[in-house]
Amino acid sequence: MSVRQTATVQTCYARLSGTGHFLPATTLTNAELEQRVDTTDSWIRERTGIQTRHIASTDESVVTMGTEAAKRALDAAGLGAADLDLIVMATTSADRAFPSAACEVQHALGVTDIPAFDVAAACSGFIFALSVAEKYIISGAAKHVLVIGSDTLSRLCRPDDRNTIVLFGDGAGAAVLSAADSPGILSTHIYSAGEFASLLGADHPNRDDEALQQEAWLYMRGREVFKVAVEKLASLVEDTLSFHDMTAQELDWLIPHQANFRIIQATAKKLGLPLEQVVMTLAETGNTSAASVPIALDWAIRDGRIQRGQTLLLEAFGGGFAWGSALIRY
Ligand code: ACO
């Protein structure tokens, strides 16, 4: 059972009014990783498609990156922070357990007395946050909602673990959703399956136990994650299109979570969509977790590939497992 937008007669829609992203200036290339762990540039390229990634410096965090991405999204929407009714932030790597990263971003943006909260769904966080934000708008409870995906997963990877350190980068992406009388977000579909927790996760490193602290790094059984991801994403995109009686030919762009080129390729193949219609930032960003989809979205909007009126399919899969899609008329 998934959570979906119901197909009742709708009078209010949520429209993407602006997007933005932020990537730290510091990069970490495959060649540099060759010096740190037993890996090669060709292994990383062939197995993942990643060439480099951006790494947050000590004075950067999910909050500072999220705030920058948010400012760019607000600028693009022609709005100020004072126009916002709600902030929903997707992250699983905030420096603090609380206050929420969303509250810290709210403060950094100079607004107060509007709700701000975090959503935790790992790499699918942005899609889950978008789904929540959309419900506030279509119910009439909010007019403008800021949705952010921001993560520093590079910090959760054990520095000598070649299985994970080559995959993850840091960054943030944001979108402003605004009430409109035409779509907008056509539907969101979100799913979770907690029984897969042993395949992918990261424990809180601040537990009062030294042994646990040593093991508080991101763990991943990559091959098994890969298999489930390909399977779930295939049925996800099929379900999303059949919910609207649509075919993949009606899509202009697929904007997938940037985890692995081979997973993206498998999903595009399932849809029968040529790779020219798939937005990929993977080579430059690696897997930025909750930031990955909004970074790719904003990237292709800013370089002019995505145009107003086009139909976009956003999808993501990650820890939880949690996975989801958003079908959008941009
Ligand atoms: N460099 C060189 N060799 C490596 C490296 C590395 N960085 N990492 C692993 N290897 C080795 C393995 O040890 C293994 O060696 P062995 O055969 O001697 O045991 C060999 O390469 C093959 O390993 P596999 O894990 O089978 O390689 P695979 O082709 O599956 O690729 C990868 C690994 C890239 C991790 C892939 O499985 C993958 O992308 N999985 C999905 C990850 C994902 O999508 N995560 C998304 C969610 S993340 C989130 O939610 C936070």
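Which helix gives the largest share of the shell around the ligand? The answer is α8, with 4 residues.

1. **Basis.** This is a predicted model, in which local features need pLDDT of at least 70, side-chain atom pairs count only at pLDDT 80 or more, and totals for chains, interfaces and linings use all residues. Residues are numbered from 1 along each chain as its sequence is written, and side-chain values use heavy atoms, with hydrogens and water left out.

2. **Ligand shell.** The ligand is surrounded by 26 residues (a residue counts if one of its heavy atoms lies within 4 Å). The closest are T39, C123, R223, N260 and G319. At least two shell residues come from each of α2 (41-48), α6 (162-165), α8 (222-243), α9 (261-271) and β13. Helices (H or I, at least four residues) and strands (E, at least two) are DSSP runs, numbered from the N terminus.

3. **Polar contacts.** These are pairs of N or O atoms within 3.5 Å. A ligand nitrogen is 3.0 Å from a polar backbone atom of R162. A ligand nitrogen is also 3.0 Å from a polar backbone atom of G222. Taken alone, the ligand exposes 1,000 Å², and the protein buries 78% of that (Shrake-Rupley method, 1.4 Å probe).

4. β12 covers residues 253-256. In β12, W253 and I255 point one way, L254 and P256 the other. In a regular strand, side chains alternate between the two faces of the sheet. All four residues are buried (under 20% relative accessible area, 1.4 Å probe, protein chains only). β12 runs parallel to β13 (residues 311-318), with 4 bridges between them; strands pair if DSSP finds at least two bridges. P256 stands opposite E315 of β13.

5. **Aromatic pairs.** The whole structure holds 4 aromatic pairs. Rings of Phe, Tyr and Trp (its six-membered ring) pair if their centres lie within 6.5 Å; planes under 30 degrees apart are stacked, over 60 edge-to-face, the rest tilted. F317 and F321 form a tilted pair, 4.7 Å centre to centre with 55° between the planes. F317 and W323 have ring centres 6.0 Å apart and planes at 35°, so this pair is tilted. F317 and F321 are both buried, and W323 is buried too. One cluster takes in Y191, F196, F317, F321 and W323.

6. **Charge over a ring.** R308 lies over the face of Y330, 3.9 Å from the ring centre. The test is NZ of Lys or CZ of Arg within 6 Å of the ring centre and within 35 degrees of the ring normal.

Terms used. Buried < 20%, exposed > 50% of the residue type's maximum accessible area, 1.4 Å probe, protein only. Polar contact = N/O pair within 3.5 Å; in protein donor to acceptor, adjacent residues only side chain to side chain.
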